[in-house]
Amino acid sequence: MSGWVLLAHGDDLAAHGCWATGWIGAIPVLVRNFNGTLRGFRNVCSHRFALMLTEPTGKGPLRCPYHAWVYDQDGVPKAIPFNDSDFHLDDAARRALALPAIGVAMAGGLVFAHLDPNADSAVPADWTADNGTERTLPDGSVIGPGSAILYRSSARREGAC
Amino acid sequence: MLNYDNPPPRRRLLASRWFHDPSAFATEQTALSTRLPWRFAGLAHEGGTGDAACGGFLFRRQTHDVPPLTDWLGPLADRLSLLSTALDSPVASDSTEFAANWKILVENTLDDFHGSTVHPQTIHPAVDADWRRHLHTDRFGPHSRSQWKLSDPTAAWWDKLVTRGHLRRFATQDLYDHCFIFPDLYVASFHGTMVIVHRVVPLAVDRTRLEWRTFLPAASDDAKAASFRRGLVSMLAASARQVIDEDRPLCEQVQQARIAATGPGILGWREQRIGYVHAALSALLPTDGTAP
């Protein structure tokens with residue numbers, strides 16, 4: 001098991017602000033397009049640990065719905081409501097609350113995620129050679145001709161009570 | 001009243017296993033049953049039994065050599081006694097289950113500033129727009145209380161309800177008042193008349209039932225006012241349910257993600273009531289119960 005999981009089709013993340021979510025085991029993750037660069041993080045707010053993005057795909061800021069913390073391309077909370085009166089976090093304190101990064105790889109028009117941000121991104125490329133047939137990937141996902149996603153294993157949470 | 005002009009201590013939150021691990025849940029529940037001196041046992045008017053009462057609120061003695069109940073409750077004993085004057089007027093009861101650990105529900109109800117994001121059409125407009133200035137919070141050991149000034153339109157609306165429905169007020173206060181008794185009882189009151197008693201019932205490490213009873217005391221038996229109150233009760237019960245239904249998905253999102261958190265989390269100044277609960281629990285739990 002390489003640890004890479006299929007997260008989304010590249011088309012889902014083609015524009016700035018587009019994001020996709022999934023689970024690597026019991027860990028919720030997200031990948032978002034930040035001005036053309038795909039960045040991935042644990043999908044857990046650093047404040048009080050809420051799952052932030054709940055739909056499989058979407059477009060918009062990386063914003064926690066609980067208290068409206070908004071995170072930037074480095075996973076650092078850039079907007080914290082009531083910071084002036086309630087948190088008093090300076091830049092260094094905000095950076096200390098950055099979301100843990102994950103690994104992101106693009107291969108065959110598909111987006112893959114790995115909990116290790118330094119994981120070998122060449123691995124998923126070996127999975128995606130299109131031979132015109134339906135294939136089951138090592139993570140259990142199933143893709144068809146043209147990199148169509150027929151089943152995405154990361155859509156379901158696993159391993160937690 | 002602004003009582004957040006000094007930084008509170010940064011409190012540690014319990015580690016994630018206390019929210020996900022079934023064995024940790026068993027350990028915690030045993031500690032709450034054997035090491036906590038007093039615990040809420042029900043309401044007298046519902047035929048509940050307890051070892052001591054504070055007004056209509058019954059409590060079970062759980063350990064030997066406990067302090068008197070009034071000492072355990074501190075200044076909130078007077079508050080519960082006052083709220084008890086409304087308990088002769090039950091008008092609605094409801095419950096719902098959350099796919100979340102019970103402490104997440106407690107954290108949520110003690111969180112004084114998710115109104116604008118989670119309750120933008122319900123709680124948020126009901127309180128004064130300058131709520132940070134008009135929010136007052138007090139702590140009494142593991143218990144705590146927050147008071148919000150109602151917005152002027154909401155206070156005026158309640159004044160009309162009091163008049164038309166002949167509602168009885170136990171206190172003349174234009175407040176949304178939230179009183180928490182560790183670990184599982186909280187009582188909300190509005191405008192010194194409507195009282196909602198909530199009880200958090202742990203079912204499993206990741207499942208909790210929230211029960212609530214609504215009380216709306218009347219000052220007369222006037223038939224027209226009684227008819228008005230019946231319609232009002234339906235609306236108020238639906239509103240209370242809506243607020244809970246707004247909270248539930250967020251609580252469940254915390255349950256889903258908390259196991260994956262790698263950082264310590266952080267509490268803002270207006271979230272210190274949550275810190276008190278974590279500190280009280282840490283004191284009850286085995287010494288490895290504190291985070292990290």
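Which strand order does the open sheet of 3 strands in chain A have? The order is S11-S12-S13, with antiparallel pairing. This is a predicted model, in which local features need pLDDT of at least 70 and side-chain atom pairs count only at pLDDT 80 or more, while totals for chains, interfaces and linings use all residues. Residues are numbered from 1 along each chain as its sequence is written, and side-chain values use heavy atoms, without hydrogens or water.

**The sheet in chain A**
- Strands are DSSP runs (E, at least two residues) and helices likewise (H or I, at least four), numbered from the N terminus; two strands pair if DSSP finds at least two bridges between them.
- Strand S11 (135–136) and strand S13 (148–151) of chain A stand at the edges with a single partner strand each, so one side of each lacks a neighbour in the sheet.
- S11(A) is joined by 2 bridges to the antiparallel strand S12 (residues 142–144) of chain A.
- Arg135(A) has Ile143(A) in S12(A) as its bridge partner.

**The interface between chains B and A**
- Contact (heavy atoms within 4.5 Å) involves 35 residues of chain B and 32 residues of chain A.
- The two chains bury about 2800 Å² between them, 61% of it on carbon and sulfur atoms; buried area is the accessible area (1.4 Å probe) that two parts lose on being put together, summed over both.
- There are 4 salt bridges between chain B and chain A, a salt bridge being a side-chain nitrogen of Lys or Arg within 4 Å of a carboxyl oxygen of Asp or Glu.
- Glu271(B) forms a salt bridge with Arg48(A), with the closest N and O atoms 2.5 Å apart.

How values were computed: Chains are lettered from A and ligands numbered from 1 in the order in which they are written.
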